[in-house]
Amino acid sequence: MRVLPFKIPKPEKDAFVYQVDNAAIFYDKLHQHEEIQMSFIVEGEGTLLVGDTINYYSKGDILIIGSNLPHVFKSDDSTCNTSHMLTLFFTKKTFGSTFFQLEELKEVQPFFKRATHGFKLTSKQKLASELFFKLENASKLNRLIILLQLLKLTSSANYKSLSSFIYDKKYTDNEGARMRNVFEYTMNHFHENITLETISEIAAMTKNAFCKYFKKRTNKTYIQFLNELRIEHACKQLILDKEITIAQIAEHCGFNNMSNFNRQFKSLKGLTPYVFRQTS
């Protein structure tokens, strides 16, 4: 099974795929696939990397990930021992190259524009989750009807984009393996002191070549990406671990300097860690 690009297993005669993931953790390798992914998180939480951006997912989330958009679900098995997700996979050409261009389907066009960067529903989640739960016992025709209902709903609901920059080329297998190694190492070791020399070795490149390579594919420097990951993890701890001091959280997330932590936090979140904790 190749990681990048990733092939979604599909029965030969089926137009689209309904998949149930129910295990301790979700598939945790950076990957991309031609199919658009529409998922409902039934149980579980963790980190979601989409394109160039760090997000968090949790129970009840409705997430849409666009075609060939690199992503990885990093389950947090310390807070939940079950990761359960219901997913529909399909492409814009699943039902023919002109199907979604029909006048009757113009109402769902916003979905495809939003999916380019990936998005998360911020309204109508309950209605969407009810539709997902109907999929398991639905006939193939009714699954198609439910898919169209979900497309209509997610085209009109409020949403939040999951990524801000999309590399406009598909990763080769070698590129995919390199980026996967970089992201996996970063997500597993962000609380440690990661130098550019260290991560360049993981990528099997010189430091200068790696910096240019990473910036071209994510539109940000590696240090920016690392700081974003650390700050997002700090946000989670500030909310969940009220008994831990802000200084301890900063250290746990890889910041050895409190002034730098406060500066980076305010730059990304627009407020200090103290105010964030008080208002969350």
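Which element gives the largest share of the lining of the second largest pocket? The answer is α7, with 5 residues. The model examined here is predicted: local features need pLDDT of at least 70, side-chain atom pairs count only at pLDDT 80 or more, and totals for chains, interfaces and linings use all residues. Residues are numbered from 1 along each chain as its sequence is written, and side-chain values use heavy atoms, leaving out hydrogens and water.

A pocket here is an open set of points, on a 1 Å grid over the protein atoms alone, where a 1.4 Å probe fits and protein lies on both sides within 12 Å along at least five of seven lines; lining residues have an atom within 4 Å of a point. The largest pocket holds about 310 Å³ of space (the space filled by probe spheres set on the points, which are joined across faces, edges and corners). Its lining has 17 residues, with Thr47, Tyr56, Asp76, His233 and Lys236 nearest the centre. At least two lining residues come from each of β3 (46–50), β6 (71–75) and α7 (222–240) (helices are DSSP runs of H or I, at least four residues, and strands of E, at least two, numbered from the N terminus). Here, too, α7 supplies the largest share, 5 residues.

Two or more lining residues come from β4 (53–57) and from α7.
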